[in-house]
Amino acid sequence: MGGITTNFPQGMAVANDAATGHSKYLYYSDSPRDGSATILRYNPVTGLQDVVSSAVAPYDSLLNPGQTVSTYTYVMGLAINPHTGDLFIGDDPTFAILVNPPLAKGHVFTIKADATGTVPAECIGTATT
């Protein structure tokens, strides 16, 4: 899929078009090794890639007390609710800790779909950007 640009894809989910039952979007995470991540959406029919989400509601860091985190960190999985179209995003900020990582530090975020079952995008792309 030449229209997809990503550094370190983690997690993928396919959203079907409710009217046709065919694949409409491929959701995936661009999770480079620096820890920040962006949720992207690719339309195989148009070749367009959109930024769905690049930030989360700020929360206190689980690893560095006093630090505020406002991005996804090491997205590990994505899922689509087949009934509503909502997008679930699972991340784990402890992913890069290879020796004795702290347990139970992951998150599951939800992006609600609109009335048509489509997850809204932050930035609509083009075939080249």
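Start with the second largest pocket: its lining divides into six nonpolar, five polar and no charged residues. In this count Ala, Val, Leu, Ile, Met, Phe, Trp, Tyr, Cys and Pro are nonpolar, Asp, Glu, Lys and Arg are charged, and the others, Gly among them, are polar. Before you go on, note that this is a predicted model, in which local features need pLDDT of at least 70, side-chain atom pairs count only at pLDDT 80 or more, and totals for chains, interfaces and linings use all residues. Residues are numbered from 1 along each chain as its sequence is written, and side-chain values use heavy atoms, with hydrogens and water left out.

**Stop 1**

To see the lining of the second largest pocket, select Tyr59, Ser61, Leu62, Leu63, Asn64, Gln67, Thr68, Val69, Thr73, Tyr74 and Pro93. A pocket here is found on a 1 Å grid over the protein atoms alone, as an open set of points where a 1.4 Å probe fits, with protein on both sides within 12 Å along at least five of seven lines; lining residues have an atom within 4 Å of a point. Grid points are joined across faces, edges and corners, and the volume is the space filled by probe spheres set on the points.

Now move to the largest pocket, which holds about 300 Å³ of space. Of its 18 lining residues, select Ala15, Asn16, Ala18, Gly85 and Gly117, which lie nearest its centre. By class, this lining has eight nonpolar, eight polar and two charged residues. Strand S1 (9-16) and strand S2 (23-30) each supply at least two residues of it. Strands are DSSP runs (E, at least two residues), numbered from the N terminus.

**Stop 2**

Two strands count as paired if DSSP finds at least two bridges between them. Pick alanine 13 and you will find tyrosine 27 of S2 opposite. S1 and S2 form a hairpin with six residues between them, and glycine 21 in the turn has a positive phi of about 80°.

Next, colour S2 by accessibility: six of its eight residues are buried. Buried means under 20% relative accessible area, exposed over 50%, and partly exposed in between (1.4 Å probe, protein chains only). Strand S3 (residues 36-43) is also mostly covered, with six of its eight residues buried.

How many bridges pair S2 and S3? There are five, in the antiparallel sense.

Select asparagine 43 to find its bridge partner in S4, leucine 48. Four residues lie between the strands of this hairpin, and glycine 47 takes a positive phi near 80°.

**Stop 3: tyrosine 72 and the rings**

S3 and S7 pair in the antiparallel sense over two bridges. Here alanine 37 stands opposite tyrosine 72 in S7.

Keep tyrosine 72 selected. The structure holds two aromatic pairs. Tyrosine 72 and phenylalanine 109 have ring centres 5.4 Å apart and planes at 90°, so this pair is edge-to-face. Rings of Phe, Tyr and Trp (its six-membered ring) pair if their centres lie within 6.5 Å; planes under 30 degrees apart are stacked, over 60 edge-to-face and the rest tilted. Tyrosine 72 lies in strand S7 (residues 72-73) and phenylalanine 109 in strand S10 (residues 107-111), so the pair ties together parts that are 37 residues apart in sequence. Tyrosine 72 is buried at 2% relative accessibility, and phenylalanine 109 is buried at 18%.

For another ring contact, select arginine 41 and tyrosine 25: the charged end of the arginine sits over the tyrosine ring, 4.3 Å from its centre. The criterion is NZ of Lys or CZ of Arg within 6 Å of the ring centre and within 35 degrees of the ring normal.

**Stop 4: two positive phi angles**

Most residues other than glycine have a negative phi. Tyrosine 74 is not a glycine, yet its phi is positive, about 55°. Look for tyrosine 74 in the loop between S7 and strand S8 (75-80). Is tyrosine 74 buried or exposed? It is buried, with a relative accessible area of 9%.

Finish at alanine 104, in the loop between strand S9 (87-91) and S10. Alanine 104 has a positive phi of about 60° although it is not a glycine, and at 79% relative accessibility it counts as exposed.
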